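Dear colleague,

Please find the structure below, handed over for your use. The findings follow directly after it.

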Amino acid sequence: MGPALLVGCRVLDKDGITPVPQLLSLLPWFAVPAALAVLLAAAARHRALTFTAVVVLTATGWASLPHTPQLVTAHGLPLAQVRVLAANVEFGQATGALTETVRRERPQLVFVSECDRACGRALTAALATELPHRASVDAEGSVGSVLLSAYPLRDHRVIPAVMGMPGATATIAGVPVRLQLAHPLPPMPDQVRLWKAELRRIENAAADHTGPLLVAGDFNASQDHAAFRSILETGHLQDAARLAEESRTPTWPMEGPLPPFVQIDHVLVSEDFGVRGVRFLDLPGSDHRAVLTDLDLRGER
């Protein structure tokens, strides 16, 4: 019944109510109880039940395939290579590890979630040479967020949300590129409605923008959530990890008794970008892996 419920919501493109949004993060793993149901039904020699269990197992396998929205193909000549890093530093605890990672990997754009005021000051001071430009929501705890850039930033705007989601426009190789940090609330049982609403605001911001767009951060949602897929489809975006065939590489949780089982940290790109590669990096002190993405910005020149 558990796999059947989740697959039904997946087929209907709905996130449902608690506990469905939380369990959808585990959708591929529900193939295990679905397979067990087939074995038990077969052992009981119950044909109808065995047939039903096989259908549910097959549907679970189908639903677990990487999601592919409307195909978006990068076009034009390469104008610039851009390296993007999206990281959740867990209340600033992984600030030092992130600083070392940035110095080692040399990204031009860094999207940092859960970066409190102390984290923001430390990153700004330590990376002033490499990433002198910033857009931020300066706050404590998980509310603070910082977007660091090697390119000058203008048109600073923030998507209204409980946790900070700053955005700005960077000019890269003469092309204005909209940058948006994503960090909606997690789908806890008492805040599923707010989780959906904040993901919808990200979707609306993506849909309203024309031109090159990068949306990156901790989405607190996986490809198995309808609200996340809607961002891709409405905004005509692609998940860089999907294009790099890494869409099932987990990024959370990196701490605690459970092994990482779901990818909720993403870098989303418009059709103006080609994806050359994606890597997932451990950040000591954080319960998330960082997502490092190498992109080609393409244009007519």
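Arg45 is found in the loop between helix 3 (31-43) and helix 4 (47-63); helices here (H or I, at least four residues) and strands (E, at least two) are DSSP runs, numbered from the N terminus. Although Arg45 is not a glycine, it has a positive phi of about 55°. Arg45 counts as exposed because its relative accessibility is 77%; the classes are buried for under 20% relative accessible area, exposed for over 50% and partly exposed in between, with a 1.4 Å probe and protein chains only.

Please note that this is a predicted model, in which local features need pLDDT of at least 70 and side-chain atom pairs count only at pLDDT 80 or more, while totals for chains, interfaces and linings use all residues. Residues are numbered from 1 along each chain as its sequence is written, and side-chain values use heavy atoms, with hydrogens and water left out.

Backbone features

A positive phi also occurs at Asp155, a residue other than glycine, where the value is near 55°. Asp155 is found in strand 5, and its relative accessibility of 36% makes it partly exposed. Just after helix 5, Arg106 likewise takes a positive phi of about 55°.

Two cis peptide bonds may be of interest to you. One runs from Thr18 to Pro19, with omega near 15°, and Pro19 lies in the loop between helix 1 (2-11) and helix 2 (20-24). Another runs from Trp252 to Pro253, with omega near -5°; Pro253 belongs to the loop between helix 9 (240-243) and strand 10 (265-269).

Cysteines

The structure holds one disulfide, the term being used for a pair of cysteine sulfur atoms within 2.5 Å. A disulfide is a covalent bond between the sulfur atoms of two cysteines. Here Cys115 is joined to Cys119, with an S to S distance of 2.1 Å. The disulfide is left-handed because the torsion about the S-S bond of Cys115 and Cys119 is about -100°. Cys115 is buried, with a relative accessible area of 1%, and Cys119 counts as buried at 2% relative accessibility. Cys9 is likewise buried, at 13% relative accessibility.

Helix 5 and its packing

Which residues of helix 5 (residues 95-105) are buried? They are Thr95, Ala97, Leu98, Thr99, Thr101, Val102 and Glu105. The buried residues of this helix pack against strand 1, strand 2 (109-113), helix 6 (117-126), strand 11 (273-281) and strand 12 (290-299).

Asn88

Asn88 belongs to strand 1 (residues 77-88). With a relative accessibility of 1%, Asn88 counts as buried. Its side chain reaches the backbone nitrogen of Glu90 at 2.8 Å. The side chain of Asn88 also makes a polar contact with the side chain of His288, at 3.5 Å. A polar contact is a pair of N or O atoms within 3.5 Å; within protein, one must be able to donate a hydrogen and the other to accept it, and residues adjacent in sequence count only if both atoms are side-chain atoms. Leaving aside neighbours within four places in sequence, Asn88 is in contact (heavy atoms within 4.5 Å) with Ser113, Glu114, His183, Asp218, Asp265, Leu283, Ser286 and His288.

Pockets

A pocket is an open set of points on a 1 Å grid over the protein atoms alone, where a 1.4 Å probe fits and protein lies on both sides within 12 Å along at least five of seven lines; lining residues have an atom within 4 Å of a point. The volume is the space filled by probe spheres set on the points, which are joined across faces, edges and corners.

The largest pocket holds about 470 Å³ of space. Its lining comprises 27 residues, of which Pro186, Pro187, Met188, Asn220 and Trp252 lie nearest its centre. By class, this lining has 15 nonpolar, eight polar and four charged residues; Ala, Val, Leu, Ile, Met, Phe, Trp, Tyr, Cys and Pro count as nonpolar, Asp, Glu, Lys and Arg as charged, and the others, Gly among them, as polar.

The second largest pocket holds about 230 Å³. Its lining residues include Arg157, Arg178, Asp208 and His209. Strand 5 (153-158), strand 7 (175-182), helix 7 (192-208) and strand 8 (213-218) each supply at least two residues of that lining. Helix 7 gives the largest share, four residues. The lining of this second pocket divides into seven nonpolar, two polar and three charged residues.

With kind regards
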